[in-house]
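Let's walk through this protein together, one part at a time. Keep the structure open beside the text as you read.

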Amino acid sequence: MDRLKGKTAVITGGTTGLGFETARQFLAEGARAIITGQNRERLASAANQLGSVAIPVHADVRSLSDLTSLSDRVQEEFGRLDILFVNAGIGSFAPLEAIDEKFYNDQFDINVKGAFFTVQKLAGLLNEGASIILNASAVHEKGMAMGSVYFASKAAVRSLARTFAAELASRGIRVNTISPGLVPTAFQSKMGLSPEVMNEFATYVIKTAPLGRLGKPEEIASTVVFLASHESSYVSAADFVVDGGFMNV
Ligand SMILES: NC(=O)c1ccc[n+]([C@@H]2O[C@H](COP(=O)([O-])OP(=O)(O)OC[C@H]3O[C@@H](n4cnc5c(N)ncnc54)[C@H](OP(=O)(O)O)[C@@H]3O)[C@@H](O)[C@H]2O)c1
C-alpha cells in the first residue's frame with residue numbers, strides 16, 4: 001500500500017482487462033489516475049467501478065487531436081505526470097494471404113502509431129524521475145502462424161521503448177516494457193480466432209509454460225506497479241516478460 005502515494009498516472013486503454021486492473025492497483029497504491037478508452041460506454045462503466053478517484057478521458061490513440069486533448073486534460077487535472085502506462089492495444093490473427101490493408105493499418109495505427117504519439121504528446125508533462133511502461137507482449141521476439149502483423153507491431157513497441165529510454169534518460173525518466181503471456185481478458189474475443197483455435201492455443205501454452213497455467217490480470221498489473229514505483233529506480237530499457245516461463249524455456 002502507498003507505494004505510489006501522491007503520484008499522478010495515465011493509463012491508456014484503462015477500460016477493461018490489464019489496463020483496468022492496473023488502474024485499480026495504481027489507485028490502491030495511492031496514485032491519482034486518468035484512464036482512457038475509445039468506447040464511451042466501457043469508459044463510463046470502468047470509471048464507475050473504480051470510483052470517483054479515477055478520471056475517465058475519451059481518447060482514441062489513433063487520433064493526434066484526441067492525444068493533444070488528453071495532454072491538455074492531464075495538465076488541467078494534475079499539472080505534471082509521474083507514470084504513463086501505454087497499454088491500449090488490439091491483436092488480430094489471420095493467415096498471410098487473408099490480410100488486407102485495413103487489417104494491417106488497424107493494428108499498426110493503434111499499437112505502434114498510438115503508442116508513439118501517446119508518449120510524444122505526454123512527454124513534456126513528465127516529472128523528473130517519471131516512469132513510462134509500454135505494454136508489448138511476450139510474442140515480440142517470436143514467430144507463430146497467423147500472428148505476423150500483431151507480432152511485428154509488438155516488436156516495434158519494444159523497439160520504441162529502447163529508444164525512448166535513451167532519449168528521455170537525461171530528464172531522469174525511465175522507460176520499460178512489460179511483455180505479458182496469455183492472460184484471459186476481452187482481448188481474445190477480438191482476435192478473430194474461433195473459440196476452438198483459441199482453446200487449442202491456451203492448452204499449448206499451459207502444457208509448455210513451466211508454471212503450467214495462464215496468467216491473471218493482477219499478475220501483470222503488480223509488475224507494472226513495480227515498474228511505476230521507486231522500487232525499480234535502477235531499471236530502464238528493460239523488458240519484463242510475465243508469461244509463466246512460456247517464451248523462455
Ligand atoms: N491479454 C493478453 O493475453 C495480452 C498478452 C500480451 C499483451 N497484451 C497487451 O495488453 C494490452 C491490453 O490488452 P487486454 O488484454 O487488457 O485487452 P482488452 O481488455 O481488450 O483491453 C484493450 C484496451 O485497449 C483499449 N483500446 C483499444 N483500441 C483503442 C483505441 N483506438 N484508442 C484507445 N484505446 C483503445 C480498449 O479500450 P475500449 O474499451 O475503449 O475499446 C481497452 O481499454 C494490449 O496492448 C495487448 O496487446 C495482452
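**Around the ligand**

Helix H1 (17-28), strand S2 (32-37) and helix H2 (40-50) each give at least two residues to the shell around the ligand. These names follow DSSP runs, numbered from the N terminus: helices are H or I runs of at least four residues, and strands are E runs of at least two. The largest share of the shell, three residues, comes from H1. In total, 32 residues surround the ligand, and the closest are Gly 13, Gly 17, Gly 37, Gly 89 and Phe 187. A residue is near a molecule when its C-beta atom, placed from the backbone, lies within 6 Å of it.

What classes of residue make up the shell around the ligand? There are eleven nonpolar, 17 polar and four charged residues. Here Ala, Val, Leu, Ile, Met, Phe, Trp, Tyr, Cys and Pro count as nonpolar, Asp, Glu, Lys and Arg as charged, and the others, Gly among them, as polar.

Before going further, a word on what you are looking at. This is a predicted model, in which local features need pLDDT of at least 70 and side-chain atom pairs count only at pLDDT 80 or more, while totals for chains, interfaces and linings use all residues. Residues are numbered from 1 along each chain as its sequence is written. The term pLDDT is the predictor's confidence in each residue, from 0 to 100. For this protein the mean pLDDT is 97, and 100% of the residues reach 70 or more.

Now find helix H4, which runs over residues 101-123. The expected span of a helix is 1.5 Å times one less than its number of residues. The 23 residues of H4 should therefore span 33 Å, and the end C-alpha atoms are 31 Å apart, which agrees. H4 also bends by about 40 degrees at Asp 109; the bend is the angle between axes fitted to the seven residues ending there and the seven starting there.

Which residues of H4 are buried? They are Gln 107, Ile 110, Asn 111, Gly 114, Ala 115, Thr 118, Val 119, Lys 121 and Leu 122. A residue is buried if 20 or more other C-beta atoms lie within 10 Å of its own, exposed if 12 or fewer, and partly exposed in between, with C-beta atoms placed from the backbone. The cover over the buried residues of H4 includes strand S1 (8-11), helix H3 (64-78), strand S4 (81-86), strand S5 (126-135) and helix H5 (148-168). Covering rests on contact, where the C-beta atoms of two residues, placed from the backbone, lie within 7 Å.

Asp 100 counts as exposed because it has 8 C-beta neighbours inside 10 Å.

Helix H7 (217-228) is another one to trace. H7 has twelve residues and reaches 16 Å from its first C-alpha to its last, close to the 16 Å expected at 1.5 Å a residue. Among its buried residues are Pro 217, Ile 220, Val 224 and Leu 227. H1, S4, S5, strand S6 (174-180) and strand S7 (239-242) are included in what covers the buried residues of H7.

The loop between H6 and H7 holds Pro 210. Pro 210 is exposed because it has 10 C-beta neighbours inside 10 Å. Leaving aside residues up to four places away in sequence, Pro 210 touches Gly 244, Gly 245 and Val 249.

Finally, look at two backbone angles. Most residues other than glycine have a negative phi. Met 146, in the loop between S5 and H5, has a positive phi near 75 degrees. Ala 237, in the loop between H7 and S7, has a positive phi of about 65 degrees although it is not a glycine. Met 146 counts as partly exposed because it has 19 C-beta neighbours inside 10 Å. Ala 237 is partly exposed because it has 15.
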